[in-house]
Amino acid sequence: MRVLVIGSGAREHALLLALGNDPQVDALAIAAGNAGTAVIADQHQVDITSGDDVVAVAREVRADLVVIGPEVPLVLGVADTVREAGIACFGPSKAAAQIEGSKAFAKDVMAAAGVRTASSEIVDNPARLDAALDRFGPPADEAAWVVKDDRLAAGKGVVVTPDRDAARAHAAGLLEAGHPVLLESYLDGPEVSLFSLVDGQTVVPLLAAQDFKRVGDGDTGPNTGGMGAYAPLPWLPNHVYQAMVSEIVEPVAAELVRRGSSFTGLLYAGLAITSNGPAVIEFNCRFGDPETQSVLALLDSPLGQLLYAAATGDLASFGELRWRDGAAVTVVLAAEHYPGRPRVGDVIVGSEAEGVLHAGTARRDDGAIVSSGGRVLSVVGTGADLSAARTAAYDILNSIRLPGGHFRTDIALAAAESKIRV
């Protein structure tokens, strides 16, 4: 099987490594890739938001399967173009990808499917903003205002704050940019990321993971695209995991089928385990980053065959997934100033160590690997438990040098110390 992966982050690097371990995968290519993926796959520089360009590369490499990593090409309908060209594609249609592309659409789907989520209101007129903020302000049983960009924002369009002025400033900025604003009620409880392979109404869940969005230790500072993740979740009861699948993912998949927008690909449910049970924070239409790095590190089933089965309507016959024992912890090394405008062009030392996945990297003409984005590397450690996996990840991380680079030191710490409770 020849596989073309679309994207250039650590998620795509992790996908390539896992695909390379599948005995039926004999050729790998990536568009557009980075300095790390270039070592393990043929690299092609194309516009990944153009369906025609992606199809041209897929034909050039004679791909049997195209795997689309990022959300933007999916929301723009690149998967539709690939399938119309007669090539199997792992990724939802433009219609189904609206589950991430429009939060209003996602809320409508959840309401129709009877799925628990935060109450919400769309504000598209600045004149309505103050009254809406008053309706969603944090009363005694609430902890914060939750203000979201209704459109794609690379994980950075959300502000959760008890400060009304900060909430208003974020909302006003979005409205000024022409983006509708989604106000939500606050959901208490620990957060969970659940990935599920979906083929119409067939749902195959993967290990649950937890990610860390804020830039600083102790969940301080602004939101980022993700500073780390771990799997599995020792604190998550099995009956809650099963409820996440049967009460949330499966009804949403069925509702998308009912609407004629059947989902094929990876459906990502971001959930809060509230006192009333699991509730949806958001849906994404693709593998999440950095959770993918931890989840795939533990997957023992052949990934290429699994994704091909989903892409070709044969997921129901794939069989039960196999998982390695132990735990995986991913820590992101970010460039100076991230999540603001990052400093780039700095030489990275130690980035070719085992367990290091590349994201914002490039190779100079002299062979040096340099930073080229905000989230530069993901470091993945595995071990018998979360403590051992944390030690492995941070040992690798401490051997890497990036001027001005920063990372969180508390990824998976609370879980390893049994401090998370449902």
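Tutor: Start in the loop between β17 (327-334) and β18 (356-358), where you will find H337. Keep in mind that this is a predicted model. Phi of H337 is near 85°, a positive value in a residue other than glycine. Why pick that out? Most residues other than glycine have a negative phi, and most peptide bonds are trans.

Now compare a glycine. β12 and β13 form a hairpin with three residues between the strands. There, G218 takes a positive phi near 70°.

The whole structure holds five aromatic pairs. One of them is F212 with Y230. The centres of these two rings are 6.1 Å apart, and the planes make 45°, so the pair counts as tilted. F212 sits in the loop between β11 (202-211) and β12 (214-216), while Y230 sits in strand β14 (residues 228-231). The pair therefore ties together parts that are 18 residues apart in sequence.

Next, the peptide bonds. Two cis bonds deserve a look. From D289 to P290 the bond is cis, with omega near 25°. P290 lies in the loop between β16 (277-284) and α10 (291-298). The bond from A31 to A32 is also cis, with omega near 10°. A32 is not in a loop, but in strand β2.

Follow β2 into its sheet. Strand β2 covers residues 27-32 and runs parallel to β3, with two bridges between them. I30 stands opposite Q43 in β3. The sheet is open and has five strands, in the order β3-β2-β1-β4-β5, with parallel pairing. Which strands stand at the edges? They are β3 (42-43) and β5 (88-90). Each has a single partner strand, so one side of each is left without a neighbour in the sheet.

Helices lie on these strands. α2 (residues 51-60) lies across β1 (2-7) and β4 (65-68), and runs at about 150° to β1. α11 (residues 303-311) lies across β4 and β5, at about 105° to β5.

α11 also packs against another helix. Two packed helices are described by the angle between their axes and the distance between the axes. For α1 (residues 10-20) and α11, the angle is about 105° and the axes are 7 Å apart. That makes α1 roughly perpendicular to α11. L15, A18 and L19 in α1 meet L303, G304 and L307 in α11. By class, this contact has five nonpolar residues, one polar and no charged.

Now move to the other sheet. Four strands make an open sheet in the order β6-β9-β7-β8, and the pairing is antiparallel. Its edges are β6 (120-123) and β8 (158-161). Each of these has a single partner strand, so one side of each has no neighbour in the sheet. From one strand to the next, the twist averages 20°. Inside the sheet, β7 (residues 145-149) and β9 (residues 181-184) pair in the antiparallel sense over four bridges. K148 stands opposite L182 in β9.

Two helices pack on this sheet. α6 touches β6, β7 and β9, and its direction makes about 45° with that of β9. α8 (residues 164-176) touches β6, β7, β8 and β9, and its direction makes about 15° with that of β7.

The axes of α6 (residues 103-113) and α9 (residues 238-258) come within 9 Å and cross at roughly 105°. That makes α6 roughly perpendicular to α9. From α6, the contact uses F105, V109, M110, A112 and A113. From α9, P251, V252, E255 and L256 take part. Eight of the residues in this contact are nonpolar, none is polar and one is charged.

Last, step back to the chain. The domain assignment gives domain 1 (2-93) and domain 2 (120-184). Taken over C-alpha atoms, the centres of domain 1 and domain 2 are 35 Å apart.

How values were computed. Residues are numbered from 1 along each chain as its sequence is written. This is a predicted model: local features need pLDDT of at least 70, side-chain atom pairs count only at pLDDT 80 or more; totals for chains, interfaces and linings use all residues. Side-chain values use heavy atoms; hydrogens and water are left out. Axes are lines fitted to C-alpha atoms, for helices over the stretch in contact, and angles run from 0 to 180 degrees between N-to-C directions. Angles under 35 degrees count as roughly parallel, over 145 as roughly antiparallel, 65 to 115 as roughly perpendicular and the rest as oblique. Contact means heavy atoms within 4.5 Å. Ala, Val, Leu, Ile, Met, Phe, Trp, Tyr, Cys and Pro count as nonpolar, Asp, Glu, Lys and Arg as charged, and the others, Gly among them, as polar. Domain bounds come from an automatic or database domain assignment. Two strands pair if DSSP finds at least two bridges between them. Rings of Phe, Tyr and Trp (its six-membered ring) pair if their centres lie within 6.5 Å; planes under 30 degrees apart count as stacked, over 60 as edge-to-face and the rest as tilted.
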